[in-house]
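Take a look at the sequence and the 3D structure below. We will walk through some of its helices, their neighbours and a few charged pairs.

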Amino acid sequence: SFPEIYQKNTFYNLNHPTDSKDNLFNMSTTTSNSTPSTIIKFCRAQGPNGWLSNFSKHQILLGGYTWPSSEHYYQAQKFAGSIKEEIIRTASTPGKAKKLGNDTTDGVPLRHDWPNVKEYVMYDALKAKFTQHVILREKLLETGEAI
């Protein structure tokens, strides 16, 4: 089940799946007939499968705010409720958002529950990306059982 602190997060009013964390994040690497799945590789937003990247510039709407990318949202949630959240949200690129999110030298503390909620934050970001962008959702569904 989801951590209690995250379930009570009323500021973002996020909808979470009812599945357990184990069911959400454990994915088989084989198809039903035990044949290895097709592996879809991507490492850059500009590459052939770049639309899968968190750096792809597909805006998402979460918590009443528009986020330039899922990377912006993910990195900003490390500092939810602080001024740094907004600084990351308005970063000019996903790379800059990541750099800001990984910077711990500025005195802004990482949210105390981050280790417990980070996968759920990513789930919310990806759910928003693939439900708010119909073309991306269709492309994702076309991948079938690929990993």
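Let's start where helix α6 (residues 114-132) meets helix α7 (residues 134-142): their axes come within 5 Å and cross at roughly 105°. Axes here are lines fitted to C-alpha atoms, for helices over the stretch in contact, and angles run from 0 to 180 degrees between N-to-C directions. On the α6 side the meeting residues are K129, F130, T131 and Q132, and on the α7 side they are V134, L136, R137 and L140; contact means heavy atoms within 4.5 Å. By class, the residues of this contact divide into four nonpolar, two polar and two charged. Ala, Val, Leu, Ile, Met, Phe, Trp, Tyr, Cys and Pro count as nonpolar, Asp, Glu, Lys and Arg as charged, and the others, Gly among them, as polar.

Before going on, a word on what you are viewing: this is a predicted model, in which local features need pLDDT of at least 70 and side-chain atom pairs count only at pLDDT 80 or more, while totals for chains, interfaces and linings use all residues. Residues are numbered from 1 along each chain as its sequence is written, and side-chain values use heavy atoms, with hydrogens and water left out.

Now step back to the whole chain. It has seven helices and two strands, which follow the pattern α-α-β-β-α-α-α-α-α along the sequence. Helices (H or I, at least four residues) and strands (E, at least two) are DSSP runs, numbered from the N terminus. Of the 147 residues, 35% count as buried; buried means under 20% relative accessible area, exposed over 50%, and partly exposed in between (1.4 Å probe, protein chains only). Among contacts between residues at least 6 apart in sequence, 55% join residues at least 24 apart.

Back to α6 itself. This helix has 19 residues and reaches 25 Å from its first C-alpha to its last, close to the 27 Å expected at 1.5 Å a residue. The expected span is 1.5 Å times one less than the number of residues. Its buried residues are W114, V117, Y120, V121, M122, D124, A125, A128, K129 and F130.

How many residues of helix α3 (residues 70-77) are buried? Eight of the eight are, so α3 is largely enclosed by the rest of the structure. They are S70, E71, H72, Y73, Y74, Q75, A76 and Q77. The elements that cover them include β1 (60-62), β2 (65-67), α4 (83-89), α5 (94-102) and α6.

One of these covering helices, α5, has an axis that comes within 9 Å of the axis of α3, crossing at roughly 10°. That makes α3 roughly parallel to α5. E71, H72 and Q75 of α3 make the contact with P94, A97, K98, G101 and N102 of α5. By class, this contact has two nonpolar, four polar and two charged residues. At 52% relative accessibility, S92 counts as exposed.

Finally, look for the salt bridges. A search of the whole structure finds three of them, each being a side-chain nitrogen of Lys or Arg within 4 Å of a carboxyl oxygen of Asp or Glu.

| Salt bridge | N to O distance |
|---|---|
| K84 and D106 | 2.7 Å |
| R89 and E86 | 2.7 Å |
| D113 and R111 | 2.7 Å |

K84 lies in helix α4 and D106 in the loop between α5 and α6, so this pair ties together parts that are 22 residues apart in sequence. K84 is buried, with a relative accessible area of 3%, whereas D106 is partly exposed at 38%.

R89 and E86 are three residues apart in helix α4, a separation of about one helical turn. An α-helix has 3.6 residues a turn, so residues three or four places apart point the same way. R89 counts as buried at 17% relative accessibility, and E86 as partly exposed at 32%.

In the remaining pair, D113 is buried at 5% relative accessibility, and R111 is buried at 14%.

Conventions: Parallel < 35°, antiparallel > 145°, perpendicular 65-115°, else oblique.
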